[in-house]
Amino acid sequence: MIPQLNGFNRYPVEPVLKAIGGLLLFILQITYGSYKFLYCPDGARQGRIVTQHLNSWSHASMNLGFSLSGIVELIGLHIKLPEGTHQVILSGAFFIEAMLFSLHEKNGHLDQTDHWLLAQCCWAGAIFSALEAAWPEAFLLTAGRAGSMLLQGAWFWQSGFVLFGGSLVWNDLFMGREDEAPAMFMPLVFAYHMLVLQALMLLVYMVVELVYRRQYPGTHNAVQEPEHAPSNGGYETSRLLTDEDEAHGLKSIPLGNLRHEVRRV
């Protein structure tokens, strides 16, 4: 929650957008132009699966997982769900997306490579979301999930440019035969997407950290005492000695001295 947006935070905007947007995208993708029958309604193939419509159904079905994620978040506002339920459902949405992209049957090597790389972004999102359910306070897991989603969005944009941009660089046909060079070049482009994204995320973190230090000077140097800090003047072993032990001449030893003696030996 962002304190400066208290009025805005009262409304579950993101869950509503996911719940409604996912359903709308599902309906749109199977009805755009004309309804995409999954089974042939008539003709010689009546009752058989319409191969040409399977892609539309696969793409449309990916949205339902994220729609369910939004619905679960809305339910969680009124019913106490087990801790980590939101992340588990989101992980399932990424898993569905990754599975469908991985098994997306394509003819050309370029198209296959493009979908395989896109699936890796989805697998990463599924893994990070699942781990985040187990360790919700781990910042790097949250950053990893966010990074995988940004990478997926960037690669969607790149895929549109590659498959439908009409650039000669990505033309995989040469002299009537398939040219493997574009498909081999694509993983290199994907690697640079990853490198640039990591650099940008690190830069954003650094900027936020510097702004925070300027807003709250001195807090970054503060050392927090452990929850069960040793008492009796910082003598680490003092917790192990009772009053009776000390009456018999036993004395606590500072932990720093003990480490020094161990190194010397």
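Reader: Which elements are included in what covers the buried residues of H6?

Author: This is a predicted model, in which local features need pLDDT of at least 70, side-chain atom pairs count only at pLDDT 80 or more, and totals for chains, interfaces and linings use all residues. Residues are numbered from 1 along each chain as its sequence is written, and side-chain values use heavy atoms, with hydrogens and water left out. Buried means under 20% relative accessible area, with a 1.4 Å probe and protein chains only, and the buried residues of H6 include Leu141, Gly144, Trp155 and Val162. The cover over the buried residues of H6 includes H4, H5 and helix H7 (181-215).

Reader: How far apart are the end C-alpha atoms of H6, and what span should its 26 residues have?

Author: Helices are DSSP runs of H or I with at least four residues, strands are runs of E with at least two, and both are numbered from the N terminus. The expected span of a helix is 1.5 Å times one less than its number of residues. For helix H6 (residues 139-164) the span should be 38 Å, which agrees with end C-alpha atoms 37 Å apart.

Reader: Is Glu132 buried or exposed?

Author: Glu132 has its place in helix H5 (residues 109-134). Contact means heavy atoms within 4.5 Å, and, not counting residues up to four places away in sequence, Glu132 touches Gln87, Leu141, Thr142 and Arg145. The relative accessible area of Glu132 is 4%, so Glu132 is buried.

Reader: How are H3 and H4 oriented to each other?

Author: Axes are lines fitted to C-alpha atoms, for helices over the stretch in contact, and angles run from 0 to 180 degrees between N-to-C directions. The axes of helix H3 (residues 51-76) and helix H4 (residues 85-102) cross at roughly 180 degrees and come within 9 Å. Angles over 145 degrees count as roughly antiparallel. H3 and H4 are therefore roughly antiparallel.

Reader: How many nonpolar, polar and charged residues does the contact of H3 with H4 have?

Author: Ala, Val, Leu, Ile, Met, Phe, Trp, Tyr, Cys and Pro count as nonpolar, Asp, Glu, Lys and Arg as charged, and the others, Gly among them, as polar. Residues of H3 including Met62, Phe66 and Glu73 meet residues of H4 including Ile89, Phe94 and Glu97. By class, the contact of H3 with H4 has 10 nonpolar, 8 polar and 2 charged residues.

Reader: What share of the residues in the protein is buried?

Author: The protein has 9 helices and 2 strands. Of its 265 residues, the buried share is 26%.

Conventions:
Buried < 20%, exposed > 50% of the residue type's maximum accessible area, 1.4 Å probe, protein only. Parallel < 35°, antiparallel > 145°, perpendicular 65-115°, else oblique.
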